[in-house]
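This report examines the disulfides and the nonpolar cores of a protein. Please look through the sequence and the structure before reading on.

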Amino acid sequence: MQAKKRYFILLSAGSCLALLFYFGGLQFRASRSHSRREEQSGRNGLHQPSPDHFWPRFPDALRPFFPWDQLENEDSSVHISPRQKRDANSSIYKGKKCRMESCFDFTLCKKNGFKVYVYPQQKGEKIAESYQNILAAIEGSRFYTSDPSQACLFVLSLDTLDRDQLSPQYVHNLRSKVQSLHLWNNGRNHLIFNLYSGTWPDYTEDVGFDIGQAMLAKASISTENFRPNFDVSIPLFSKDHPRTGGERGFLKFNTIPPLRKYMLVFKGKRYLTGIGSDTRNALYHVHNGEDVLLLTTCKHGKDWQKHKDARCDRDNTEYEKYDYREMLHNATFCLVPRGRRLGSFRFLEALQAACVPVMLSNGWELPFSEVINWNQAAVIGDERLLLQIPSTIRSIHQDKILALRQQTQFLWEAYFSSVEKIVLTTLEIIQDRIFKHISRNSLIWNKHPGGLFVLPQYSSYLGDFPYYYANLGLKPPSKFTAVIHAVTPLVSQSQPVLKLLVAAAKSQYCAQIIVLWNCDKPLPAKHRWPATAVPVIVIEGESKVMSSRFLPYDNIITDAVLSLDEDTVLSTTEVDFAFTVWQSFPERIVGYPARSHFWDNSKERWGYTSKWTNDYSMVLTGAAIYHKYYHYLYSHYLPASLKNMVDQLANCEDILMNFLVSAVTKLPPIKVTQKKQYKETMMGQTSRASRWADPDHFAQRQSCMNTFASWFGYMPLIHSQMRLDPVLFKDQVSILRKKYRDIERL
């Protein structure tokens, strides 16, 4: 039996060898005869093939690699008409495969940082107001540079916002104008802003010229044409959208219950023909005339009556019955259906009104989708399931509705309330792509105060910012650094600055003291400073200007900063109490001397008052505690123009810091109890006391208020009447039972 198996195996092996030699011989002879024919052809002057030509041809060979700017399937181009080919070559689709890694030069950014250059405006070129606002926002930002050799990103001065050929704002011959720019470089490292593209009847997303390798910041962009990690989807905004600041959202308080008069509303055009007509034509199926008001009108366009249908008269009559703003402010949900294009003005209107947007625009890449989680602020619907929308939103719990409404307010105020915020958000997103190692995470973008106020260059750790202690389960810092701003020479051991230094050093929470010497006289000798239990570091200011007190000094080792003027009078008990209060409000300014602002109707400007009342909106930094991150924001977020103004006047730096912190937190500062005898002029004729008595000094502060409000675009200061006193401060109990007993004594 075993012998039979061996014979069978040998026979099989022999047969295989015979077949191998047979077919191999045929292959070899065929190759030789083929080579002889090729050799003969060579003698006759024909093309000589390369050596690898003799390798066998596999039926499923790999297709050759096509560059990013070519069509994906070469064979399919056979079925494309010449007109379609021209359109494809001149449209945004030509660079459809562009990503940051393939179409962006990172070396420019790594060399000089993230700087943006705006081309100078060409003579005779008209620019719409909306595009002027965009360019002004860039030129007023910290990213702007007037030197193209320092730039990392380039923005055209040619108006690209409206690329609808039927629009009066349409810029003709844009293709040749762009190609003639000497820095164009096929669009590499360029950013193009666009609100409207395409025209009647199909409204494609073609911007009408070859953008090359440029990025698009585009409204109404579809997910099909959106290039992830390259383009930026922006909201559609009107020409009346404010350039800076913008109104706050309409949800002033946590209104409970969150349900309003209407459950779902919409008021807008109904398109009788063409693209975008299907969705709005079907809204009448959901409208019930009670708590679901979906109103459309046919009255738009020159020839609407030609296309008028049987429902137009009834729809138009119903449309006129309701006021749009009244509906908007009294609705829980607002429908945002697509129009001719995917985006709609209703989107921003709903956000501002704290009306939860119900998105009904299939395929729309939502604004800033790369960083914003829209599931926290909107309901994403499906046009094909329109009839299910009422039952869907009615099933949402009231707690969820309140959370959605609150998030609409945060997003509106953080990223959408002005053209400036839309532009800065776009630039910050691009910057995060370039410097991925310090890019902001989803928590920062989707939680107060938002990505525009949390600068990743400061730190990549959330615990270094005062806004995330609760989220991370961290306790506020247990120590502070006192920073004393000294501007007068040290001539006596009884000067207020020395008493203040000793009082601060005795605090159980004091880690160190920094004396910022901004005096023109030389530094005092070491032995002139009193001996303390904590280190005392004296820093001589290089420029000796007012803004230098808010520089982010590396010597400040704690997160908490106690900012002091040299003539401030505080006891150790007062310092301790103020710090314990700050630990409960680490994102705010907490301190003693308070001031207020008011609107002067007679002069139509903001006023400044130092009257002691229960109402205040500022806590001066002559005796205040705050997080040291505000030093970094003051130095790197605010424009040089405001800081230069402060330095030239030698005034208003404390007001500017209050503006900044209130703009970030959307909250007022915290005033704490101060001694009954405390007055800022109690130290006699010091330099600072004489300044407070100077009417010019007060007038300067009035002027500063209005300049600062103009730059922010609104008045960020918020009035408050809250004052925190020590426990049992005024109770009729033994002084020994009181924790801060020294405050009552003085």
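Is the disulfide of Cys-109 and Cys-152 right-handed or left-handed? The answer is given below for this predicted model.

## The disulfide of Cys-109 and Cys-152

The torsion about the S-S bond of Cys-109 and Cys-152 is about 55 degrees, and the disulfide is therefore right-handed. The two sulfur atoms are 1.7 Å apart. Cys-109 belongs to helix α4 (residues 107-112), whereas Cys-152 sits in the loop between α5 (129-139) and β2 (153-155); the pair thus links distant parts of the chain, 43 residues apart. Both cysteines are buried.

## Other disulfides

In total, the structure holds five disulfides. Counting bonded cysteines along the chain, their pattern is 1-2, 3-4, 5-6, 7-8, 9-10.

One of them joins Cys-298 to Cys-312, with an S to S distance of 2.2 Å. This link is left-handed, with -90 degrees about the S-S bond. Another joins Cys-334 to Cys-355, and that link is right-handed, with 105 degrees about the S-S bond. Cys-334 and Cys-355 are both buried.

## The nonpolar cores

The largest nonpolar core has 79 residues, and Phe-114 and Ile-434 are among those with the most contacts inside it. Helix α13 (residues 419-434) supplies the largest share of this core, eight residues. At least three residues come from each of domain 1 (86-233) and domain 2 (262-417).

Ile-434 touches several residues, including Phe-114, Cys-109 and Cys-152. Apart from this core lies another, of 54 residues, among them Val-561 and Ala-709.

Methods:
Residues numbered from 1 in each chain as written. Predicted model: local features only at pLDDT ≥ 70, side-chain atom pairs only at ≥ 80, totals over all residues. Heavy atoms only, no water. Core = buried A, V, L, I, M, F, W, Y, C linked by side-chain atoms within 4.5 Å. Buried < 20%, exposed > 50% of the residue type's maximum accessible area, 1.4 Å probe, protein only. Helix = DSSP H or I, 4+ residues; strand = E, 2+ residues; numbered from the N terminus. Domains from an automatic or database assignment. Contact = heavy atoms within 4.5 Å. Disulfide = S-S within 2.5 Å. Lists of a residue's contacts leave out its neighbours within four places in sequence.
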